[in-house]
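Please keep the sequence and model in view while reading.

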Amino acid sequence: AEVEAFLESGEAPISLGFGSMPAAAALGAVLIEAVRAAGRRAILSRGWAELALDGPADDVLPVGDVNHQALFPRVAAVVHHGGAGTTTTAALAGAPQVITPMFTDQFYWGDRIAALGAGATTPFTSLTAESLTEALNHALTPTTADAARALSGKVTADGAAQAARLLIERFA
């Protein structure tokens, strides 16, 4: 109910979260500074890093676990670590993304989203309020929003079934 009320109370917010990724709790302040510099509100997912606000704020809603499939279609952009699941869920929702990869395949997903024009990437190791603001400003452009919406129509949620069909068609 609290998330619904926040979503209904103004312009679509930015979703901020790193899920189970290791990060300093103080990262929350950097994320919020960037969102405010971009002139937006935010939903801050605490995650395993326990991201938090320095104090109460009307423009940021800190939350625990949320249903990304329900939330992402209603936000202006999604800032996340670039895991395959979060990237796919945001792509299915048609939400522009800012991926801040930490390791492994997260760099690949960040590069793919940027190459498809559906968002931006800025590495976690050099993440600052300034670099995130720049990436957010890019993600929030109409061109990027259009590309993210177009991508949503091309992504399928049945990847395993589709892969099996392709294998059967090719080798049968």
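Two strands pair if DSSP finds at least two bridges between them. Helices (H or I, at least four residues) and strands (E, at least two) are DSSP runs, numbered from the N terminus.

## Basis

This is a predicted model, in which local features need pLDDT of at least 70 and side-chain atom pairs count only at pLDDT 80 or more, while totals for chains, interfaces and linings use all residues. Residues are numbered from 1 along each chain as its sequence is written, and side-chain values use heavy atoms, with hydrogens and water left out.

## The sheet

The open sheet has 6 strands. Their order is β3-β2-β1-β4-β5-β6, and the pairing is parallel. The edges are β3 (60-63) and β6 (119-121), each of which pairs on one side only. From one strand to the next, the twist averages 15 degrees; angles run from 0 to 180 degrees between N-to-C directions, and axes are lines fitted to C-alpha atoms, for helices over the stretch in contact.

## Strand β2 and its neighbours

β2 (residues 42-45) runs parallel to β3, joined by 4 bridges. I43 stands opposite L61 in β3, and the bridge partner of L44 in β3 is P62. On the β1 side, 3 bridges join β1 to β2, again parallel. There, L16 stands opposite L44 of β2.

Both faces of β2 are covered. A42 and L44 are buried on one side, I43 and S45 on the other. Buried means under 20% relative accessible area, exposed over 50%, partly exposed in between (1.4 Å probe, protein chains only).

## Helix α2

α2 spans residues 27-37, and its buried residues are L27, G28, L31, I32, A34 and V35. They lie on the same side of α2 because they cover an arc of only 160 degrees around the axis, taken from the directions from the helix axis to the C-beta atoms. Their cover includes β1 (14-16), β2, β3 and α6 (129-139); contact means heavy atoms within 4.5 Å. Just after α2, G39 takes a positive phi of about 75 degrees.

## α2 against α6

How do α2 and α6 pack? Their angle is about 45 degrees, with the axes 8 Å apart. The two helices are therefore oblique to each other (under 35 degrees counts as roughly parallel, over 145 as roughly antiparallel, 65 to 115 as roughly perpendicular and the rest as oblique). The contact is made by V30, L31, E33, A34, V35 and A37 of α2 and A129, E130, L132, T133 and L136 of α6.

## Helix α4

α4 (residues 84-93) lies across β4 (77-80) and β5 (97-99). It runs at about 165 degrees to β5.
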